Amino acid sequence: MTVRIGLADAQDARVQEAAARLVAAGRVVPVLVGTAGDDAPPGAERVTAPAGTSPVDHLARLVAEGIVAAGVGGSLTSSAEMVRAGIRRLRRGRLVSACFAIGGPEGRWTTYADCVVVPDPDAAQLAEIAVTAAEHHERTFAERARVAMLSFSTAGSAAHPRVLLVQEATRRVREERPDLLVEGEVQFDVAVDPRVAARKAPGSQVAGAANVLVFPSLEAANIAYKVAERVGGATALGSFVLGLDRPWVDLSRGCSTDDIVATVDLLARAESAHRASDPMAG
């Protein structure tokens, strides 16, 4: 099933090369949105933004109208402009945040949130970040979300207002979405290492197997995903903007062509699976 994905920053050589590679792979029809004079490789579509409208804003309109299944930009455009365009055209009244998909050994993917938007969330905001990140993870990777609400404390091992905030956020998630598997507050090693989890959180369905990591602040999440990528050698794709009606990705301006290809491919696979499971979708 071929999926049409919109790409902003059409003048960027990385985007052009990514579009050519996506065409060759055959799973995606790249739709490059730019200004007059921007090219597109053979097999890709080119759309010129109307006068007075930025390519990013026009891309958001194409996504909102279902002309393309998702929008990807940010290789040249600032995060602020990407997020604002998504909010203007695609927001559904929920808190807007963002996550990265972190690829580790054996093809395992973990969602890190919020890495981009909300600097210092309160308990209600942190709970909503957790819920939207879990929903995103399940749709993107077709597996049940196991959400860890991260802290420097596990199950009350430390007393501090920051710990209380994560505990309250966890309570709110459980109240709002009793169907979600969520554990909090927990330390990072408890969330991801089964041996540590067996000692510190025995019997937990999440500890040691978390695939959605909700950090207590943007500062912590942003540093963590970059450490995972640059020091740990993980693949970091995104950021995927949460709280919108449709998939919207704000790439890092330091992204590579490989990053763009992998991000679009991930979006296309998720969209194809969604359409296959829901005949009314798409």
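**Salt bridges and pockets in a predicted model**

Asp 265 and Arg 269 sit four residues apart in helix H9, so about one helical turn separates them; helices here are DSSP runs of H or I with at least four residues, strands are runs of E with at least two, and both are numbered from the N terminus. The two residues form a salt bridge, with their closest N and O atoms 2.8 Å apart. A salt bridge is a side-chain nitrogen of Lys or Arg within 4 Å of a carboxyl oxygen of Asp or Glu. The model is predicted, so local features need pLDDT of at least 70 and side-chain atom pairs count only at pLDDT 80 or more, while totals for chains, interfaces and linings use all residues. Residues are numbered from 1 along each chain as its sequence is written, and side-chain values use heavy atoms, leaving out hydrogens and water.

Asp 265 also meets Arg 27 in a salt bridge (2.8 Å, N to O). Arg 27 lies in the loop between helix H1 (13–25) and strand S2 (28–34), and Asp 265 in helix H9, so this pair ties together parts that are 238 residues apart in sequence. Asp 265 counts as buried at 14% relative accessibility, whereas Arg 27 is partly exposed at 37% and Arg 269 is partly exposed at 47%. Buried means under 20% relative accessible area, exposed over 50%, and partly exposed in between, for a 1.4 Å probe and protein chains only.

The whole structure holds 20 salt bridges. Another one of them joins Arg 171 to Glu 168, with the closest N and O atoms 2.7 Å apart. These residues are three apart in helix H5 (residues 161–176), so about one helical turn lies between them.

A pocket is an open set of points on a 1 Å grid over the protein atoms alone, where a 1.4 Å probe fits and protein lies on both sides within 12 Å along at least five of seven lines; lining residues have an atom within 4 Å of a point. Of its 33 lining residues, the closest to the centre are Arg 139, Asp 245, Arg 246, Pro 247 and Glu 271.
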